[in-house]
Amino acid sequence: VPGLHSLSPWYPRAWRIWTPDYFANTDLSYDDWFAPQREYAARITQRYIRFNPYMQRRAACALPNPQNSLGMHIRWGDKAVSRVILGIELFAPYAEAFVANGGDTIYLATDSVTVIDKIWKQWPKQVTSRIFRQQDVEALSSNDTASFDLGVSPHRGNVEALTDALALSKCTYLLHGFSALSEAAFYLNPGLVERAVNLEYQGEDHGNNRRKEAAPTVEYFIDKILSRGRRVGGSSRDNNSGT
């Protein structure tokens, strides 16, 4: 049932679906459409949101060394409705390129135990040996059940999700798809946007107006995006207020 995602004019959107035609603006590129959403949400976040010491410690334990790090948010679970479940094979070339070009830590945030198992079984050891993730996560799905429908305490699930959002926001680079949690990382650290790759840029269906866009290639990631991280000294903190 459409709710805030669709009907509220002041609600920052994390994807361009469930929105009225006047708001979808399908003539705009994704980046141009997302820009005002992210700018508005970042202002609100930086004005009102503060993580308490407990949450800061959790994020620091999950990602102890955020310098020169790559965040990966791989959302599976109940992801649907014009959004695509992105296979780990889409993330692998970027992760391998990151490591091959001097990258240090990789932070994995996911709602799926299947993603974790597949990565550790299928990816090369020189990549998996760099991967950190939040430990003892309870809200992990093994199928298409949403993590918040697993019977885990809502408080526990929220703490785990916020820990991932905070840790991702501290990364130097980010690989992601369409997800509110990925967007939350940008709200916490707006400078991360220019060092991120959205692997779900395959277009959305708005009647007869279907706009196709491609994710940056691995070559572009190496030549352009990695260099942007080096210009900020591999820093994970551009404008990460409240942390």
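**Figure 1. Strand S2 and the lining of the largest cavity.** S2 gives the largest share of this lining, 3 residues. Strands (E, at least two residues) and helices (H or I, at least four) are DSSP runs, numbered from the N terminus. The model is predicted: local features need pLDDT of at least 70, side-chain atom pairs count only at pLDDT 80 or more, and totals for chains, interfaces and linings use all residues. Residues are numbered from 1 along each chain as its sequence is written, and side-chain values use heavy atoms, with hydrogens and water left out. The cavity is lined by Leu108, Ala109, Thr110, Ile116, Arg133, Gln134, Val137, Leu140 and Asp164. By class, 5 are nonpolar, 2 polar and 2 charged. Ala, Val, Leu, Ile, Met, Phe, Trp, Tyr, Cys and Pro count as nonpolar, Asp, Glu, Lys and Arg as charged, and the others, Gly among them, as polar. The volume is about 60 Å³. The whole structure holds 2 cavities of 30 Å³ or more. On a 1 Å grid over the protein atoms alone, a cavity is a set of points where a 1.4 Å probe fits but cannot get out; a pocket is an open set with protein on both sides within 12 Å along at least five of seven lines; lining residues have an atom within 4 Å of a point. Points are joined across faces, edges and corners, and a volume is the space filled by probe spheres set on them.

**Figure 2. The second largest pocket.** This pocket has a volume of about 290 Å³. Its lining counts 17 residues; Asp31, Val193, Ala196, Tyr201 and Pro216 lie nearest the centre. Helix H3 (30-48), strand S5 (196-198) and H10 each supply at least two lining residues. The lining has 10 nonpolar, 2 polar and 5 charged residues.

**Figure 3. The largest nonpolar core.** A nonpolar core is a set of buried Ala, Val, Leu, Ile, Met, Phe, Trp, Tyr and Cys residues joined through side-chain atoms within 4.5 Å. Buried means under 20% relative accessible area (1.4 Å probe, protein chains only). This core has 29 residues, and Leu70, Met72, Ile74, Ile106, Ile119, Trp123 and Phe221 touch the most other members. Strand S1 (69-74) and helix H10 (218-231) are among the elements that each supply at least two of its residues. H5 gives the most, 8 residues.

**Figure 4. Around Met72.** Beyond its neighbours within four places in sequence, Met72 is in contact with residues including Phe91, Ile106, Trp123 and Leu168. Contact means heavy atoms within 4.5 Å. A second, separate core of 14 residues includes Leu63, Leu174, Ala185 and Phe186.

How values were computed
Buried means under 20% relative accessible area, exposed over 50%, partly exposed in between (1.4 Å probe, protein chains only).
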